[in-house]
Amino acid sequence: MTDFNAVPARKPARPQFSSGPCAKPPGYSPDKLATESLGRSHRAKIGKTRLAYCIDLMREVLQLPDTHRIGIVPGSDTGAFEMAMWTMLGARGVTTVAWESFGEGWVTDAAKQLKLDPTVIRADYGQLPDLTQIDFSTDVLFAWNGTTSGVRVPNADFIPADREGLTFADATSAVFAYDIDWSKIDVATFSWQKVLGGEGGHGVLILGPRAVERLETYTPAWPLPKVFRLVSKGKLAEGVFKGETINTPSMLAVEDAIFALEWAKGLGGLEGLKARSDANAAALSKIVADRDWLGHLALDEASRSKTSVCLTVEGADADFIKKFAALLEKQDAAYDVAGYRDAPAGLRIWCGATVDTQDIEDLGPWLDWAYAAVKAG
Ligand SMILES: Cc1ncc(COP(=O)(O)O)c(C=O)c1O
């Protein structure tokens, strides 16, 4: 009989493995945040300077080319993506590509809210749809990294350079983890709460030149609330991309993002961030390879996520996973590792850059312990 009191000797030092909000950067502490901009108008010089600095740091760490604008908007990633959908869709046909819950959410909004009758290209959890089926004369919506299935597009090669429609990439769990060919992306969105380990609340909107052209030449048939409005008198509201936010931002969330971006810069920027999540994903893959009861939900390695890694557990249903995750949480060994509520029952372990590889390695024996404990009832 296994002795279930015999827990593994060593715990992950930081048991935060949630896929959003994700672990804070190593060494983070709220008292390390700059606070001069707090309690002041965000339109005062200090506020504007910090917002602009945050934008500059994002551009630098993302290696975003000058062709693309980047701005801070309300409503986290959802707010940024909805803003893009509501301001730009409807000018031509729409294709939505979905292979998990978040991509499916954009299908719902395009079909049921905007009533655009989109062409929908789907695949089940664990798979990528046939991307050669996409008609790029339409506007195309997809989530670069499907956070709830752990399946991502391997790169942007499926997008033609001479497309007529616009590409809208929900890149919230992809930016700062993969190389992105920005020439193929007309609109991208993300939130600081993912790979940067920042806070939710604000979204980041990236616009390529063709998206700006769309905004300046097309007016949607439906009304737009103030928080979505990116155009004034037929011209792009350029201030949004300099830190003149549409409405009041949380300067605390901005300072928190600046902390994360400075940490990222200290690692060598994008290359340093990618190296950390690659190492985490490799350490987790080794744990999976060593155990016949664990598997990857994403079978094809080329499209397997290196951030939101989703795992199958032999014989596990939703109840099993609930108990498994609760045991690990109670031991402070791992928090928030149950798969997403709409996904097949399994585990989801964040491997983004803010997680330390040693903590992934230390998780292995705890997974064994929890599996044996739940099986034994
Ligand atoms: C792919 C994807 N899209 C959208 C969201 C929603 O993000 P937010 O809550 O930051 O709006 C998430 C969050 O997990 C996500 O993973």
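**Strands, their partners and the spaces beside them**

Author: Strand 7 (residues 167-170) and strand 8 (residues 187-191) run parallel and are joined by 3 bridges, where strands are DSSP runs of E with at least two residues and helices are runs of H or I with at least four, each numbered from the N terminus. The model is a predicted one, in which local features need pLDDT of at least 70 and side-chain atom pairs count only at pLDDT 80 or more, while totals for chains, interfaces and linings use all residues. Residues are numbered from 1 along each chain as its sequence is written, and side-chain values use heavy atoms, with hydrogens and water left out.

Within this pairing, F168 stands opposite V187 in strand 8. The pair belongs to an open sheet of 7 strands, ordered 1-9-8-7-4-2-3 and mixed in its pairing, two strands being paired if DSSP finds at least two bridges between them. The edge positions are taken by strand 1 (69-74) and strand 3 (119-122), and because each has a single partner strand, one side of each is left without a neighbour in the sheet. From one strand to the next, the twist averages 20 degrees.

Helix 4 lies across strand 1, strand 4 (139-143), strand 8 and strand 9 (202-207), and runs at about 95 degrees to strand 9; here contact means heavy atoms within 4.5 Å, and angles run from 0 to 180 degrees between N-to-C directions of axes fitted to C-alpha atoms, for helices over the stretch in contact. Helix 4 (residues 209-217) also gives the most to the lining of the second largest pocket, with 3 residues. That pocket holds about 180 Å³ of space, and among the residues that line it are T87, L215, E216, T217, Y218 and R229. Its lining comprises 6 nonpolar, 4 polar and 2 charged residues, with Ala, Val, Leu, Ile, Met, Phe, Trp, Tyr, Cys and Pro counted as nonpolar, Asp, Glu, Lys and Arg as charged, and the others, Gly among them, as polar.

The spaces are found on a 1 Å grid over the protein atoms alone: a cavity is a set of points where a 1.4 Å probe fits but cannot get out, a pocket is an open set with protein on both sides within 12 Å along at least five of seven lines, and lining residues have an atom within 4 Å of a point. Points are joined across faces, edges and corners, and a volume is the space filled by probe spheres set on them.

A further open sheet has 3 strands in the order 12-13-14, with antiparallel pairing. Strand 12 (294-296) and strand 14 (347-350) stand at its edges, each with a single partner strand, so one side of each lacks a neighbour in the sheet. On average, neighbouring strands of this sheet are turned by 35 degrees against each other, direction ignored. Strand 13 (residues 308-313) runs antiparallel to strand 14 and is joined to it by 4 bridges, and L311 stands opposite L347 in strand 14.

Two helices meet this sheet. Helix 6 (residues 270-289) lies across strand 12, strand 13 and strand 14, running at about 130 degrees to strand 12. Helix 8 (residues 357-375) packs on the sheet too, touching strand 12, strand 13 and strand 14, and its direction makes about 165 degrees with that of strand 14.

L311 and L347 also line the largest cavity, as do T148, L297, C310 and R348, among others. A search of the whole structure finds 1 cavity of 30 Å³ or more, and about 60 Å³ of space lies in the largest cavity. Strand 13 and strand 14 each supply at least two residues of its lining, the largest share, 3 residues, coming from strand 13. By class, the lining of this cavity has 7 nonpolar, 4 polar and 1 charged residues.

The largest pocket has a volume of about 490 Å³. Helix 2 (76-88), helix 3 (101-113) and helix 7 (318-330) each supply at least two of its lining residues, and helix 7 provides the largest share, 6 residues. The lining of the largest pocket divides into 10 nonpolar, 11 polar and 7 charged residues.
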